[in-house]
Amino acid sequence: MATLQAATTSTGAFVSNPQAVRELCESYCFGTLDWEVTEDGELTIWGNDDFEVYEARENGLPDYEGGIVTHEFLRELADHLEADEEFDIQTAGFTKCRFPVLAKRYVVRDGEVLHADLSSPDPIDE
């Protein structure tokens with residue numbers, strides 16, 4: 001069995017209500033990723049795993065049956081970012097030397113969630 005090797009990191013983004021964002025993050029599972037909301041209200045997410053978010057069961061374990069809810073989490077988070085803040089989360093990884101490699105990016109800003117990956121190449125203009 002091949003094992004995914006991935007790394008995720010984010011920029012820091014300031015939130016309007018640090019306690020509400022802590023409670024939001026505690027209601028979800030991020031696999032082995034770590035997250036922190038500082039006393040000043042700066043949120044960061046990082047670790048050696050893919051950025052996939054699941055709802056948390058009452059025992060704190062991920063609810064795999066409910067599926068991945070990354071987009072829902074990020075939409076909720078968007079409501080808590082300070083004005084003019086941008087939260088950028090990037091993941092890169094691979095499984096042995098297999099194709100394709102994993103690369104994805106989420107950007108949360110101005111109440112909007114943007115996503116990018118390597119799935120759709122665009123032509124290069126001359």
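Mentor: Let's start with a cut-off: a residue is buried under 20% relative accessible area, exposed over 50%, and partly exposed in between (1.4 Å probe, protein chains only). This is a predicted model, where local features need pLDDT of at least 70, side-chain atom pairs count only at pLDDT 80 or more, and totals for chains, interfaces and linings use all residues. Residues are numbered from 1 along each chain as its sequence is written, and side-chain values use heavy atoms, with hydrogens and water left out.

Trainee: How many helices and strands does the protein chain have?

Mentor: Helices (H or I, at least four residues) and strands (E, at least two) are DSSP runs, numbered from the N terminus. In the protein chain there are two helices and nine strands. Along the sequence they follow the pattern β-β-α-β-β-β-β-α-β-β-β. The C-alpha atoms fill a box of roughly 45 × 45 × 25 Å along the principal axes, and 35% of the 126 residues are buried.

Trainee: Which residues have the most contacts inside the largest nonpolar core?

Mentor: A nonpolar core is a set of buried Ala, Val, Leu, Ile, Met, Phe, Trp, Tyr and Cys residues joined through side-chain atoms within 4.5 Å. The largest one here has 23 residues, and Phe30, Leu43, Phe51, Phe73, Leu74, Leu77 and Phe87 have the most contacts inside it. Two or more residues of this core come from each of helix H1 (18–26), strand S5 (42–47), H2, S7 and strand S8 (102–109). H2 provides the largest share of this core, four residues.

Trainee: Now for charges. How many salt bridges does the structure hold?

Mentor: For a salt bridge, look for a side-chain nitrogen of Lys or Arg within 4 Å of a carboxyl oxygen of Asp or Glu. The structure holds five. One of them joins the side chains of Lys104 and Asp50, at 3.0 Å from N to O. That pair links distant parts of the chain, 54 residues apart: Lys104 is in strand S8, and Asp50 is in the loop between S5 and strand S6 (54–55).

Trainee: Is Asp50 buried or exposed?

Mentor: Asp50 counts as buried because its relative accessibility is 9%. Lys104 also counts as buried, at 15%.

Trainee: Which residue forms a salt bridge with Asp88?

Mentor: Arg105 does, with the closest N and O atoms 2.6 Å apart. Arg105 sits in strand S8 and Asp88 in strand S7, so to speak distant parts of the chain, 17 residues apart. The two ends have their own labels: Arg105 is partly exposed at 36%, whereas Asp88 is buried at 7%.

Mentor: Another bridge joins Arg109 and Glu86, at 2.7 Å from N to O. This pair, too, links distant parts of the chain: Arg109 is in strand S8 and Glu86 in strand S7, 23 residues apart. Arg109 counts as partly exposed with 31% relative accessible area, and Glu86 counts as partly exposed with 33%.

Trainee: On the surface, which residues gather in a patch of negative charge?

Mentor: Patches are made of residues with over 30% relative accessible area and no salt bridge; like charges are joined within 9 Å, and nonpolar side chains (Val, Leu, Ile, Met, Phe, Trp, Tyr) within 5 Å. Lys and Arg count as positive, Asp and Glu as negative, while His and the chain ends are not counted. A charge is placed at NZ of Lys, CZ of Arg, CG of Asp or CD of Glu. Here Glu55, Glu72, Glu76 and Asp79 form the negative patch. Asp79 lies in the loop between helix H2 (70–78) and strand S7 (86–95), and Asp79 is exposed at 63%.

Trainee: Which residues form a nonpolar patch on the surface?

Mentor: Phe94, Val101 and Leu118, with about 280 Å² of accessible area together; such areas come from the Shrake-Rupley method with a 1.4 Å probe, and for residues only the protein chains shown count as cover. Leu118 is in the segment after strand S9 (112–117) and counts as exposed at 58%.

Trainee: And the backbone: which peptide bond is cis?

Mentor: The one from Phe99 to Pro100, with omega near -5°. Pro100 lies in the loop between S7 and S8. That loop also holds Lys96, a residue other than glycine with a positive phi, near 50°. Asp110, in the loop between S8 and S9, has a positive phi of about 50° although it is not a glycine. Lys96 is exposed at 53%, and Asp110 is exposed at 66%.
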